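Please examine how the two chains shown below meet, and what holds them in contact. The account that follows moves from the interface as a whole to single pairs of residues.

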There are 2 protein chains.
Amino acid sequence: VLILVLAEAALETVPEELWSHPAVRRHSKRQRKPPSQLILDRSLHHQAMRRLDDDSKRGRPDITHFVLLPSTRLPRNYNRFIGLMEQLFQIGKVPSQGETLLKLEHKTLRQLLTETKADHILTFSREGKPKTLKDAVSGLQPKQRPAVIVGGFPRGHLSETAVQLADELVCVDSEMLEAWTVASRAIYEYEQALSLPKKRISKN
Amino acid sequence: VLILVLAEAALETVPEELWSHPAVRRHSKRQRKPPSQLILDRSLHHQAMRRLDDDSKRGRPDITHFVLLPSTRLPRNYNRFIGLMEQLFQIGKVPSQGETLLKLEHKTLRQLLTETKADHILTFSREGKPKTLKDAVSGLQPKQRPAVIVGGFPRGHLSETAVQLADELVCVDSEMLEAWTVASRAIYEYEQALSLPKKRISKN
């Protein structure tokens, strides 16, 4: 099992301080939903977001969307994904009935890692030790429940709290990589460390 | 140089035989554009698409979008990407003025490969010879201008014409992989064959 954590993801509903902003009110009217139920999205709320603290790390649900696409079977259509996320924040799970696909839980990153019983935490950060992604991920192979942490925001760094939880903090490129690039390469290298690609083609 | 071709991509404007369909007319009205200028999209035109030949391979612009995201700096927002594609089909290039980012040309796959001076063509297909993606792509390293062909459609196979152009036809998994998975892994393995990840971290 590889535990993939997209930490501090730029995915949230529109915060209360923006509810009265004209761009948010227009969006709310068009969607026929109250602002509290809309997902914050820089492509729609750019002007309004200037009012926010730490705004450069926020309002990029597309990052979470792309990261989930290489790893799960969520809707590929962006507008449907946003609809699903709005439902997730409103009801706390998706779908509202039947077998749960996604659920929303309030907990710290530390609690999450404890609950998932992660036995080794590899965190990607520009502030880490230089190492190729291949070397970093293949080192996880002997672990039972390794966790990989990738920041789910457009710019900036992981919080100090997140950094301190890492057993290993690595920097895999001299420039910033997209979250989905790091996540999909980490999954692929982990599959290679387990020789999965070879096993899968011999099934033919 | 690695030449990446997304062949037979499920990206086109709404074909004339669907212009009168109610779903297309609604979409046209909402977008304030004639049906001829809209991009065919299964998530919007599912009902209408039943009228089309070969419909299971068509109407998935999101596939092209995701493949371009790992390899270029196109807009990440899906709706903006669609707007750009509509402009591309209408005007033939994007942006309409200044330095061209994308252009539309009418040519066969054979013509394209000749013009790009590809000296080796590696094509991914479920019908190819079983080989890991890593082995297939690392074999391109000695070539000057290798081309990699990935099908840009949701299901089905590459046309016989496309298959016949391949110098090497390989199958890298026992099940169908997403186009963006194959494209992003091919780029990554080519980078590794050139030792790029190692060179890049030593820049730190």
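**The contact between chain A and chain B**

Between chain B and chain A there are 17 residue pairs in polar contact, counting pairs with both residues at pLDDT 80 or more. The model is a predicted one. On the side of chain B that touches chain A, the elements giving two or more residues are helix 3, helix 4 (78–91), helix 6 (133–138), helix 8 (179–193) and helix 9 (196–201) of chain B. Helix 8 of chain B supplies the largest share of that side, 6 residues. Sorted by class, the side of chain B that touches chain A holds 17 charged, 11 nonpolar and 8 polar residues.

The extent of the contact can be stated in two ways. In residues, it takes 36 from chain A and 36 from chain B. In area, the size of an interface is often given as the accessible area lost when the parts come together. Chain B and chain A bury about 3,200 Å² between them, and 48% of this lies on carbon and sulfur atoms. Within chain B, the residues that lose the most area to chain A are B:Arg76, B:Tyr188 and B:Ile201, which together account for 19% of what that side buries.

In total, 6 salt bridges are counted between chain B and chain A.

A further part of the contact involves helix 3 of each chain. Helix 3 (residues 61–71) of chain A packs against helix 3 (residues 61–71) of chain B at an angle of about 100°, and their axes are 13 Å apart. Angles of 65 to 115 degrees count as roughly perpendicular, and the two helices are therefore roughly perpendicular to each other. A:His65, A:Phe66 and A:Leu69 in helix 3 of chain A meet B:His65, B:Phe66 and B:Leu69 in helix 3 of chain B. The residues of this helix contact comprise 4 nonpolar and 2 polar, with no charged residue.

Over all chains, the count comes to 26 salt bridges. One lies within chain A, where A:Lys33 pairs with A:Glu86 and the closest N and O atoms are 2.5 Å apart. A:Lys33 is in the loop between helix 1 (22–31) and helix 2 (42–49) of chain A, while A:Glu86 is in helix 4 (residues 78–91) of chain A, so the pair ties together parts that are 53 residues apart in sequence.

Key
Residues are numbered from 1 along each chain as its sequence is written. Chains are lettered from A and ligands numbered from 1 in the order in which they are written. This is a predicted model: local features need pLDDT of at least 70, side-chain atom pairs count only at pLDDT 80 or more; totals for chains, interfaces and linings use all residues. Side-chain values use heavy atoms; hydrogens and water are left out. Axes are lines fitted to C-alpha atoms, for helices over the stretch in contact, and angles run from 0 to 180 degrees between N-to-C directions. Helices (H or I, at least four residues) and strands (E, at least two) are DSSP runs, numbered from the N terminus. Angles under 35 degrees count as roughly parallel, over 145 as roughly antiparallel, 65 to 115 as roughly perpendicular and the rest as oblique. Contact means heavy atoms within 4.5 Å. Ala, Val, Leu, Ile, Met, Phe, Trp, Tyr, Cys and Pro count as nonpolar, Asp, Glu, Lys and Arg as charged, and the others, Gly among them, as polar. Buried area is the accessible area (1.4 Å probe) that two parts lose on being put together, summed over both. A salt bridge is a side-chain nitrogen of Lys or Arg within 4 Å of a carboxyl oxygen of Asp or Glu. A polar contact is a pair of N or O atoms within 3.5 Å; within protein, one must be able to donate a hydrogen and the other to accept it, and residues adjacent in sequence count only if both atoms are side-chain atoms.
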